[in-house]
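Take a moment with the sequence and the model before reading on. The text below walks through them step by step.

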Amino acid sequence: MEQVLKRIFFPAASRVQAVLPARTAVRRRRGAALLPYLLIAPALALLFVFVLYPIGYMVYLSFFDWNMIKPKEFVGLQNFVTMFHDPEFFQVLGNTFQYTVWTLVFGMGLALAAACFLKKDTRINRLLQSAIFLPYVMPLVSVAFIWVWLMDADYGLLNWLLGLVGLPGIRWLQDSAVAMYSLILVSVWKCVGYNTLIILSAMQGVPGYLYEAARLDKAGPAKTFFKITLPMISPSLFFLTLMNLIACFKMFETVNIMTAGGPANATSTLVYSLYQYGFKFYKLGYASAEGVVLMVIIGACTLVYFGALGKRVHYR
Amino acid sequence: MKRTVCRTARSAVSILMLLVFFVPVYWMLLTAVKTMGQCYQTPPAFWVSNPAWDNFTRAFEAIPFRNMLKNSLIVTAGTLLCQCVTVIPAAYAFARMRFRGEKLLFGAVLATMMIPAQLIFLPVFLLFSQAGLINSYISLIIPHGTSAFAIFMLRQTFRQVPDELLEAARLDKAGQWKIITRIMLPLARPTLLTLCLLTLVTTWSDYFWPFVMTTNNDVRTLSVGVSMLRIVDGGVDYPLPFLWNRWSGRCTG
């Protein structure tokens with residue numbers, strides 16, 4: 001992972017470092033050997049207490065039945081058994097999956113298209129770029145509010161526009177078949193600008209002589225894109241997809257504000273369900289079990305992602 | 001012929017993009033100054049001639065605005081300060097020093113980037129409630145007091161500082177402290193600025209953490225306050241949230 005990150009953010013540096021020794025060996029006095037540990041201690045202590053320990057405690061809690069009032073009762077794997085027999089859990093899992101896949105596909109796909117569209121550095125393109133970046137700098141809470149109002153079934157702008165072209169209004173957030181797609185729409189609207197920005201800056205890093213060579217070989221625009229642009233920006237795409245994936249898994253704000261998981265659990269995601277079981281129903285053991293499942297999913301995704309795709313990414 | 005078609009299509013796409021991204025924002029600003037009646041009007045009004053500025057006063061009164069603004073400022077500044085104190089030394093050690101377990105520890109730091117706060121808030125909440133620290137600034141600031149991403153970015157920047165400079169500093173008998181403050185930090189200024197800005201924006205607009213770590217309004221931040229406007233009004237009084245959005249949107253932008 002270190003290598004991947006390094007090559008994405010510091011492509012030039014990793015090449016230079018291959019030639020120059022990164023650090024000079026310095027003779028140290030004995031006491032100085034402790035210094036690096038002292039320097040990293042505050043950061044590591046915080047990460048330990050607020051990331052590592054909570055994970056351990058979560059796994060521990062998942063074997064217990066506890067509602068914060070009565071003493072903890074050890075139930076073994078009962079929480080997991082209940083969970084895997086609960087159709088609601090699978091609905092939540094499916095929702096999370098649905099949300100993640102579509103947000104990724106549209107968020108990355110549209111960003112890629114927008115980046116190609118805005119590649120030339122002209123005044124109008126710069127305006128468009130800041131326009132699509134605008135939602136990214138707004139707090140998610142505000143974004144959720146705007147869209148709740150735009151998607152209002154009776155007075156919303158979207159349904160009014162649909163009415164103009166003679167289509168029936170959609171109950172964006174109340175219809176269980178539509179609600180999840182409404183949330184996906186909002187997420188894509190919010191994240192596409194950032195993705196475009198990263199992809200654009202990656203595209204600008206592709207050396208011009210490669211395009212020159214492609215032109216001399218009479219490669220068409222499609223071929224140039226797939227054979228040169230895409231491989232050259234693949235490290236950025238790789239990283240961006242992973243970050244988007246994690247962002248999808250942790251999405252909470254839009255669900256909580258726009259739909260509160262409803263209608264009929266149609267928009268409840270794993271994180272939202274975890275929050276509900278923990279803070280609303282006080283089933284801490286069950287909530288922790290859901291957390292463990294989410295953690296395993298994230299871990300598996302990261303491993304598979306680095307294992308399967310990481311090798312195919314083209315690094316200069 | 002083909003060129004004109006191309007250009008028309010291009011313009012059409014450009015205009016569509018502008019509309020899709022500007023109209024919702026414009027709609028938010030507009031709704032902020034609409035009266036109730038204007039909000040529920042069909043066809044919707046695209047312009048209001050006499051803006052209802054008193055929406056702002058009403059929103060400021062609906063939630064403890066002053067207190068929440070203060071909380072947002074304290075939490076953002078505290079998080080920023082705490083991250084500086086933890087990230088800079090750690091990045092320096094990982095970049096310029098060699099010690100046992102360096103690789104393993106750095107790998108562990110990077111791995112924590114994959115764990116979102118939304119996954120572990122429950123144990124952290126229990127931890128703080130055992131310590132009696134729920135509804136305190138500590139519970140909002142300290143858990144975000146360091147950043148794996150920032151450590152990584154700063155470490156890479158520190159590594160790019162030429163060795164000759166450090167060599168010269170050592171010949172002048174500069175201590176580690178002097179090397180960090182006089183050489184490393186000034187040279188890493190662009191990265192530092194970017195990281196600070198990133199922390200500032202994420203902390204200011206963060207909703208989830210203050211939402212789950214508080215049970216009353218004492219230390220709640222503005223983003224939670226904004227969401228409360230809707231809950232307080234039962235989702236009926238829409239103009240209020242809108243104005244709020246505008247306000248917080250401007251502050252984070």
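Predicted model: local features only at pLDDT ≥ 70, side-chain atom pairs only at ≥ 80, totals over all residues.

Begin with chain A. Its secondary structure consists of 14 helices and two strands. Chain A has 316 residues, and 37% of them count as buried. Now take its contacts with a sequence separation of 6 or more. Residues 24 or more positions apart make up 69% of these.

Chain B is split by its domain assignment into domain 1 (2-59) and domain 2 (64-220). The C-alpha centres of these two domains of chain B are 39 Å apart.

Next, look at where the chains meet. On one side are 72 residues of chain B, and they are in contact with 63 residues of chain A. Which helix gives the most to the side of chain B that touches chain A? Helix α1 (residues 2-32) of chain B does, with 11 residues. Sorted by class, this side of chain B holds 47 nonpolar, 19 polar and six charged residues.

Now turn to the largest nonpolar core. It has 127 residues. Those with the most contacts inside it are A:Ala144, A:Trp147, B:Ala90, B:Ala91, B:Ile151 and B:Leu154. Helix α9 (residues 179-204) of chain A supplies the largest share of this core, 13 residues.

Zoom in on B:Leu154, one of the residues with the most contacts inside the core. Leave aside residues up to four places away in sequence. B:Leu154 then touches B:Val87, B:Ile88, B:Ala91, B:Ala188, B:Thr191 and B:Leu195.

Back in chain A, follow helix α11 (residues 221-249). A straight helix of 29 residues would span 42 Å, at 1.5 Å a residue. Helix α11 of chain A spans only 36 Å between its end C-alpha atoms. Where does α11(A) bend? The bend, of about 55°, is at A:Ser234. A proline, A:Pro235, follows within four residues. Several residues of this helix are buried, including A:Ile233, A:Pro235, A:Ser236 and A:Leu237. A:Leu242 is also among the buried residues of α11(A).

The C-alpha atoms of A:Leu242 and A:Thr302 are separated by 7.6 Å, although the two residues are 60 residues apart along the chain. A:Thr302 sits in helix α14 (residues 284-309) of chain A. It has 17 C-beta neighbours inside 10 Å, so A:Thr302 counts as partly exposed.

Is A:Ile69 buried or exposed? A:Ile69 counts as exposed, because it has 6 C-beta neighbours inside 10 Å and the cut-off for exposed is 12 or fewer. A:Ile69 and A:Val165 are 96 residues apart along the chain, and 57 Å separates their C-alpha atoms.

Finish with two loops of chain B. B:Asn135 lies in the loop between α6 (117-130) and α7 (137-141). B:Asn135 is not a glycine, yet its phi is positive, at about 65°. With 18 C-beta neighbours inside 10 Å, B:Asn135 counts as partly exposed. B:Lys173 lies in the loop between α9 (163-171) and α10 (176-187) of chain B. Its phi is near 60°, a positive value in a residue other than glycine. B:Lys173 has 7 other C-beta atoms within 10 Å, so B:Lys173 is exposed.

Technical notes. Residues numbered from 1 in each chain as written. Chains lettered and ligands numbered in written order. Domains from an automatic or database assignment. Contact = placed C-beta atoms within 7 Å. Nonpolar A, V, L, I, M, F, W, Y, C, P; charged D, E, K, R; others polar. Buried ≥ 20, exposed ≤ 12 C-beta atoms within 10 Å, placed from the backbone. Expected span 1.5 Å × (residues − 1). Bend = angle between axes of the 7 residues up to and from the residue. Core = buried A, V, L, I, M, F, W, Y, C linked by C-beta atoms within 7 Å.
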